[in-house]
Amino acid sequence: MVYDPKGSRMVIFGGWANRWYDDLFVCKVGDVVGPPYSVHSITPNMGPITGATKCTITGVGFKSSGNQATVRFACVKGFLETPGDVTSDTTITFDTPNFEKFGPIAVEGRAGVGGKSLTNSVVGFNYFSVTSCETTLCFGPAVINKCIAVHPVTLVIQARDAKGINRTCGMDEYVVALKTVTVKKDKEILEPIEDIKFEIIDQRD
């Protein structure tokens with residue numbers, strides 16, 4: 001009995017009393033034992049459904065199988081594949097695929113290296129909806145007219161997606177611009193303020 005590593009097969013042959021009786025059996029065990037590499041974790045483990053999140057999968061045995069990888073993200077609705085680079089024997093880097101056709105959902109990730117089969121082991125990744133400025137709320141003392149000067153104020157941003165559903169994780173990127181409003185001849189004139197310090201705190205909720 002021998003093992004064929006390229007085909008992931010067990011080859012069994014035999015005879016009796018130094019005679020060959022043409023007994024030869026092949027058992028494909030690739031779906032059971034998997035390829036000669038495995039995946040352990042993924043960083044980050046979440047990203048927007050628009051994709052393009054730069055991720056790193058860690059595992060073992062990648063480099064010995066090739067330099068190019070294929071990463072498959074699968075859910076109950078289907079799957080998508082994206083190319084990746086084997087940067088070392090323990091890491092694969094790639095950009096997540098656009099998952100808008102399936103929506104925000106948890107997926108399982110597998111990797112194949114050098115044209116070989118996908119791993120039996122999986123990593124978990126969560127897609128979330130993209131924040132919409134049309135439904136997102138902003139409230140707090142900082143947005144009230146005539147705040148007290150030289151005193152710290154706060155405002156809260158409740159991120160929501162296009163359907164008005166509250167976001168349940170962080171990772172949004174915001175650009176905050178402070179401006180003064182001056183009314184001249186029944187017109188509001190906005191002038192930027194550049195010397196006011198502010199801090200953004202992501203509650204990740």
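How many bridges join β5 to strand β11, and do the two run parallel or antiparallel? Three bridges join β5 to β11, which covers residues 123–128, and the two strands run parallel. In this pairing, methionine 46 has asparagine 126 of β11 as its bridge partner.

Before going on, the ground rules. This is a predicted model, in which local features need pLDDT of at least 70 and side-chain atom pairs count only at pLDDT 80 or more, while totals for chains, interfaces and linings use all residues. Residues are numbered from 1 along each chain as its sequence is written, and side-chain values use heavy atoms, with hydrogens and water left out.

Two terms come up throughout. Helices (H or I, at least four residues) and strands (E, at least two) are DSSP runs, numbered from the N terminus. Two strands pair if DSSP finds at least two bridges between them.

Now the eight-stranded sheet. This sheet is open, with the order β4-β6-β9-β8-β7-β10-β11-β5 and mixed pairing. β4 and β5 are the edge strands, each pairing on one side only. On average, neighbouring strands of this sheet are turned by 35° against each other, direction ignored; axes here are lines fitted to C-alpha atoms, for helices over the stretch in contact, and angles run from 0 to 180 degrees between N-to-C directions.

Staying with β11, its pairing with strand β10, residues 106–113, is antiparallel and has four bridges. Here alanine 106 has asparagine 126 in β11 as its bridge partner.

Next, β9, residues 91–95. Five bridges connect β9 to strand β6, residues 54–60, in an antiparallel arrangement. Strand β8, residues 78–86, also pairs with β9 in the antiparallel sense, over three bridges. Threonine 93 of β9 is the bridge partner of aspartate 85.

What about the loops at the two ends of β5? Proline 44 sits in the loop between β4 (38–43) and β5. The peptide bond joining threonine 43 and proline 44 is cis, with omega at about -10°. Alanine 52 lies in the loop between β5 (46–48) and β6. Its phi is near 70°, a positive value in a residue other than glycine.

Is alanine 52 buried or exposed? Alanine 52 counts as exposed because its relative accessibility is 58%; the classes are buried under 20% relative accessible area, exposed over 50%, and partly exposed in between, with a 1.4 Å probe and protein chains only. Leaving aside neighbours within four places in sequence, alanine 52 is in contact (heavy atoms within 4.5 Å) with Asp95 and Thr96. The C-alpha atoms of alanine 52 and proline 97 are separated by 6.3 Å, although these residues are 45 apart along the chain.

The other sheet has three strands. It is open, in the order β1-β2-β3, with antiparallel pairing. β1 (2–4) and β3 (19–28) are its edge strands, each pairing on one side only. From one strand to the next, the twist averages 25°. β1 is joined to strand β2, residues 9–16, by three bridges, and tyrosine 3 stands opposite methionine 10 in β2.

Last, the largest pocket. On a 1 Å grid over the protein atoms alone, a cavity is a set of points where a 1.4 Å probe fits but cannot get out, and a pocket is an open set with protein on both sides within 12 Å along at least five of seven lines; lining residues have an atom within 4 Å of a point. Grid points are joined across faces, edges and corners, and a volume is the space filled by probe spheres set on the points.

The volume of the largest pocket is about 1,900 Å³. Its lining has 45 residues, with Ala142, Thr154, Leu155, Val176 and Leu178 nearest the centre. β12 (137–139), β13 (156–158) and β14 (179–184) each supply at least two lining residues.
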